[in-house]
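Please read these points with the sequence and the structure open beside you.

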Amino acid sequence: MAYSPSNPPLNCAREVDTSVFAGKTAVVTGGASGLSEAYVRALAAASVAVVIADVDPVRGSQLSSQLTNTRFVHCDVRKWEDQVRVFEEAAKFSRTGRLHYVVTNAGDGPAKPDLITIDINLQGTLFTTKLATHYFIKQNGTTQSNDQEDTCLVLIGSGAAFLDCPRGPCYQATKWASRGIMHSLRRTSHFHGSRVNMISPWYVQTNILTPEAFDHVRRSGVDLASAEDGGRCLLRILSDRSINGRSLFLSPKKWASSGYIDLDIDEYMGNERLQEIQADQIKSAPIELGLFGASDY
Ligand SMILES: NC(=O)c1ccc[n+]([C@@H]2O[C@H](COP(=O)([O-])OP(=O)(O)OC[C@H]3O[C@@H](n4cnc5c(N)ncnc54)[C@H](O)[C@@H]3O)[C@@H](O)[C@H]2O)c1
């Protein structure tokens, strides 16, 4: 689906048609626990074959043993070779040898600025993005046609991908970067029959922060979002081929009864000057020219 900046916000209350998932295969990085466990469970329940790529072999193997049609592959997303192996294993695990969905969930919380957060959240995500698009292009070629099978990369952001989160510039930088990756890919991914979207979670109780830190957030009067709604949000994106280049916010129920909402923050509607500047940005390399090579990414 070609990206269109004039698409209206997504209807998040719509039921997901899970029949589209028959025979599909997904990779979820950081898939062993936390929010990603909910993504893995939602995908498995929708009959998607799932490769769980995580640095934690105990939780990863445990989760995989509870769910049919899943496989755990040990992976530190900071290591290119580990990620290459994940994609090779996933292609072997897939019934058709094809990969359809990739979720870049592996994440690290705010830490002292030793740049490990950059290594995991940014370098790791760029590695996953490169491998996902390599496989998608290998499967579908670089010329748009009706024969191309739908594929989708889902980048995991955060409220820190668009809000002001004081005192955490390192984490916030990596999450804005995920949005940057989405903005860079969304206008050309349709050439290889693919889509790129983003889920930005609000606070969800996982191991990313200590239980005390989450208690403190609650005591401050803040409602949390739920991991299960994250799973439903993921299926909503994957099931609908028309969704490309969108950011969905995983939200507390008080802001969205479905648990996720299209905040419509990644478009340029209503800002004519910004649209004009954007048009100039791509004038020297217009979208119609397609991908210049499979290594564009
Ligand atoms: N939980 C929240 O409140 C929240 C809010 C906003 C964004 N997010 C984002 O959601 C994603 C998941 O967070 P979570 O809350 O589930 O965290 P979590 O800490 O509970 O789980 C993260 C998972 O990633 C794995 N992981 C960590 N480093 C890895 C590495 N180098 N290689 C492979 N796997 C690795 C961990 O083993 C774990 O299974 C992250 O990208 C995070 O930034 C979470």
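1. A polar contact, as the term is used here, is a pair of N or O atoms within 3.5 Å. The model is predicted, and in it a nitrogen atom of the ligand lies 2.9 Å from a polar backbone atom of V77.

2. Two further pairs involve oxygen atoms on the ligand side: a polar side-chain atom of Y171 is 2.7 Å from an oxygen atom of the ligand, while for I208 a backbone N or O atom is found 3.4 Å from an oxygen atom of the ligand. The ligand taken alone exposes 840 Å², of which the protein buries 92%.

3. The ligand is surrounded by 27 residues, and the closest are L35, D54, Y171, V204 and T206. When the residues of this shell are divided by class, 14 are nonpolar, nine are polar and four are charged.

4. Turning to the helices, α3 spans residues 80-93 and α4 spans residues 116-140, and the two pack at an angle of about 35 degrees with their axes 10 Å apart. Their crossing is right-handed.

5. Which residues make the contact between α3 and α4? From α3 come W80, Q83, V84, F87, E88 and A91, and from α4 come G124, F127, T128, K130, L131, A132 and Y135. By class, this contact of α3 with α4 has eight nonpolar, three polar and two charged residues.

Note on methods: Residues numbered from 1 in each chain as written. Predicted model: local features only at pLDDT ≥ 70, side-chain atom pairs only at ≥ 80, totals over all residues. Heavy atoms only, no water. Near = heavy atom within 4 Å. Polar contact = N/O pair within 3.5 Å; in protein donor to acceptor, adjacent residues only side chain to side chain. Areas by Shrake-Rupley, 256 points an atom, 1.4 Å probe, with all protein chains shown as cover. Nonpolar A, V, L, I, M, F, W, Y, C, P; charged D, E, K, R; others polar. Axes fitted to C-alpha atoms, helices over the stretch in contact; angles between N-to-C directions. Helix = DSSP H or I, 4+ residues; strand = E, 2+ residues; numbered from the N terminus. Left-handed = near helix turned anticlockwise from the far one by under 90°. Contact = heavy atoms within 4.5 Å.
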